[in-house]
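Visitor: I would like to learn how the words used for a protein structure are tied to numbers. Could you take me through some of them slowly?

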Amino acid sequence: MQFYSYSSKCAFSSIEDIKGKRVTVMGLGLNGGGLAAVRFFLKNGAYVISTDMKTEEQLKPSVDALKADKLLPLENLTFRLGEHRIEDFETADCVIKNPGVKYEGNKYLAAAKAIETDLSIFLRFTDCPIIAVTGSKGKSSTVSAIHYGLTQAGYKCFLGGNITVSPLTFFDEVSSDTPVVIEFSSWQLADLRGRGVLKPHISIITKIVPDHQNWYGNMEDYVADKRLIYADQSPGDYSIFDFDGDEPGTGPASGGTWGELFATETKATVLRYGSAKGDFYGVWQETASDGSFLGKVLLPQMSEPQVILKELSVPGKHMKTNVLNAALVLYLMHIPAEKIISILGSWQGITHRLQFFHSWKIGSKEFKFYNDSCATVPEAAAAATQAFGKPVYLITGGTDKGLDLYPLERVLCKPDKTELKVNDVYFLSGSATDKILPKLEDSGIKYYGDFSSLDELLECLKSNLTKKFEKSASKTSASGIFDATSQVVVFSPGATSFGMFNNEFDRGEKFMNAVKRIF
């Protein structure tokens, strides 16, 4: 892949220089980034064209929000919706690019005099300490735990980026001593290539697995964008990388692991995270004598490791890794270990990531519903089946992203001796589902679907659970269908659902609303 490199020079010499300039915001969208950019440039005196291929009807929430804002000079705003016009890009002093749009082959971006993003503008004109996180799995949970921990410890702290909050929304509230936690997608990092503006004090790359292969085509190009997170760090900064091995067949073409490759490239102080103690500085997991979880840290200046994390409120093995990385960041920010243990032990997780949101009872039996809609890769859905220490009822499936579906297929069809089998599986329709179903048919696994609507799927689930309860009500719990503990229903698609939902956040909200209505 040819990687486009942007100019290190900005279209604006200062924030004051924005006044009177013509700015085209490419992609108003519904997730907040385009909306925040329009507001920011209007407030700073620019003439703004907001253009999007979606129609005004499709973008109604964002359009209505702007039109209702009495503090904005709306006479300086032009909506160009349902189309792009080349002249809006040719005549603009600067185009603010949506990260979901490729530069390569895009005639509108090619016509622009200058291109920036909401993140590049924020990074150019602020000097706050940045804690930057990217990766394939766990990055949203990691940044959310870091932000929660810093806030609870007394820091004035902000969270933005790929987690759907543009940093332009808090631009005026940060200073040189305000830590800002930013989640970066690979696309957002690619939009910073060549600019020289991302110099995080602490960077983390969470577990790397195949993702967005329909965009990149191969792992090397995908990870090349991830590597930009530490490209301009200095020796006084910290880079935190995985110490464990990669999934088979997903590591670097040159050999070794991604974590090892990253560690050889960064100029920052390298720290690692692992599932067990190893020959490295950083954090790892241990089991106490009473069987409880411990997270330990060892830094270069320390003679002995220290416990910085204990039992958590959030489920899942992978969540221990995410929160342990957050604990390491808090420790590097000089928060005492006991305080970290107390704060992060009470963290309840985040929306759309193994989020408990509803309970339903049939007689004395309770079913707990979890929303894991942001599980958009097969590995994440497979992990969700093992997160609760008991078999789950799994709702999964959707649209294929060009990823190998084997991790989910294997845990459904051929779990190893250490893994739990699922109870029943319910599938949303989509190209990924079409690939998985034949494997389940061959293995004899009980499944339902595919379903083209959530309501249809959930009505089937409710009917099946009700029948099972009624059938077993007169029997003992030894039947194996129910036990004395609560049952878990988890929605973990392991895919996208384009066509059925706007995005994974819309999917999660619609799922939770439908469950509450039907159950």
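Guide: Let us begin with a definition: angles under 35 degrees count as roughly parallel, over 145 as roughly antiparallel, 65 to 115 as roughly perpendicular and the rest as oblique. This is a predicted model, in which local features need pLDDT of at least 70 and side-chain atom pairs count only at pLDDT 80 or more, while totals for chains, interfaces and linings use all residues. Residues are numbered from 1 along each chain as its sequence is written, and side-chain values use heavy atoms, with hydrogens and water left out.

Visitor: Why are H14 and H15 called roughly parallel to each other?

Guide: Helix H14 (residues 406-413) and helix H15 (residues 431-443) pack at an angle of about 25°, with axes 10 Å apart; the axes are lines fitted to C-alpha atoms, for helices over the stretch in contact, and angles run from 0 to 180 degrees between N-to-C directions. Angles under 35 degrees count as roughly parallel, and H14 and H15 are therefore roughly parallel.

Visitor: Which residues of H14 and H15 meet?

Guide: Leu-408, Glu-409, Leu-412 and Cys-413 in H14 meet Lys-435, Ile-436, Lys-439, Leu-440 and Ser-443 in H15, where contact means heavy atoms within 4.5 Å. The residues of this contact divide into five nonpolar, one polar and three charged, with Ala, Val, Leu, Ile, Met, Phe, Trp, Tyr, Cys and Pro counted as nonpolar, Asp, Glu, Lys and Arg as charged, and the others, Gly among them, as polar.

Visitor: What is the make-up, by class, of the contact of H11 with H12?

Guide: The axes of helix H11 (residues 317-332) and helix H12 (residues 337-345) come within 10 Å and cross at roughly 145°. Val-323, Ala-326, Ala-327, Leu-330 and Tyr-331 of H11 make the contact with Ala-337, Ile-340 and Leu-344 of H12, and by class it has eight nonpolar, no polar and no charged residues.

Visitor: What makes the protein as compact as a globular protein of that length?

Guide: The protein has 17 helices and 20 strands, which are DSSP runs numbered from the N terminus (helices H or I, at least four residues; strands E, at least two). Its radius of gyration, taken over C-alpha atoms, is set against the globule rule, 2.2 Å times the number of residues to the power 0.38. The radius of gyration is 24 Å, close to the 24 Å that the rule gives for 519 residues, so the protein is as compact as a globular protein of that length.
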